[in-house]
Amino acid sequence: ETSDKQEKIAAATEEAMTNALIKVTRKEQKTVYFLKGHGERALDDAGEQGFSLLKQAIEKQNYAVKELALAQQQFVPQDAALVIIGGAQKDLFPPEFEALRVYMKRGGDLFLLAEPDQAPSVAAFAGEFGLTLGENIVIDRMSRMLGGGYDMPVVLQYQRHPITEGFNMMTFFPLARSVDAAKQLPPGVSAQPLLFSSPDSWAESSKDELRQGAVKFDESSDMRGPVPIAAVATIDFAIEPKKSAKLVVFGDVDFAS
């Protein structure tokens, strides 16, 4: 309880108490927007492909969660704490990308979940800010030993960053592509990978081998593991008032649903 807010919890668990403290101490409720209109995962879908549980988890942190149709609205609202593009299957239109650039220039953060072989323009947009999305699928033999499929890379290696602070458990990313920081970054951009698949993995680039289900590592065309499958870029647009934006890209969306 604070002077103007009260929150009741049903169980004295760490999660419930932390969420209640956030709700009564945060001065304003900010909004997380999920882009829609391009085949993204749906907030009202309770199935294994949907984002309903993700929506509930974000709301527990005292954020409002809304959908955003940039093709109609043409700008990101001022109350946006974060914009999420959750698995766009079709390309965004150029004015939508421009609206995202304007949002980022005022310090807005963007979270991009990009499955393999989907929405090429999204990969090109991430490339503007120094993040490279591979045209591949990560194959991981270690995952098979743990009961998963070869196409479900397991992550045990987390790079030091506030996003991954305290991560020490295995995480799995079904049907993931590589995401890395470019060797030559644009001016004003700093970037780093966030997490890597196991050493017994690689990024398979041959679509024929993937269709046939008979993949093998090719030194000339595949990326040897550990393979980065998520990365973050911090962008300083050198405008006043000075604000930096963050772009986080994961080469998978299934982990979020």
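Trainee: How many residues does helix α4 have, and how far does it reach?
Mentor: Helix α4 covers residues 94–105, which is 12 residues, and spans 17 Å from its first C-alpha to its last. That is close to the 16 Å expected at 1.5 Å a residue, where the expected span is 1.5 Å times one less than the number of residues. Helices (H or I, at least four residues) and strands (E, at least two) are DSSP runs, numbered from the N terminus.
Mentor: Before we go on, this is a predicted model: local features need pLDDT of at least 70, side-chain atom pairs count only at pLDDT 80 or more, and totals for chains, interfaces and linings use all residues. Residues are numbered from 1 along each chain as its sequence is written, and side-chain values use heavy atoms, with hydrogens and water left out.
Trainee: Which residues of α4 are buried?
Mentor: Glu96, Phe97, Ala99, Leu100, Tyr103 and Met104. Buried means under 20% relative accessible area, exposed over 50%, and partly exposed in between, with a 1.4 Å probe and protein chains only.
Trainee: What follows α4?
Mentor: Glycine 107, with a positive phi near 95°.
Trainee: New topic. Where is phenylalanine 173, and is it buried or exposed?
Mentor: Phenylalanine 173 sits in the loop between β8 (171–172) and β9 (179–181). With a relative accessible area of 4%, phenylalanine 173 is buried.
Trainee: What does phenylalanine 173 touch?
Mentor: Leaving out residues up to four places away in sequence, its contacts include Asp151, Met152, Leu195, Ile229 and Phe250.
Trainee: What about valine 65: which strand is it in?
Mentor: Valine 65 is in strand β2, residues 64–68, and is buried at 12% relative accessible area.
Trainee: How far apart are valine 65 and tyrosine 33?
Mentor: They are 32 residues apart in sequence and 6.0 Å apart in space, C-alpha to C-alpha.
Trainee: Last one: is leucine 156 buried or partly exposed?
Mentor: Leucine 156, in strand β7 (residues 154–158), is partly exposed at 48% relative accessibility.

Technical notes: Contact = heavy atoms within 4.5 Å.
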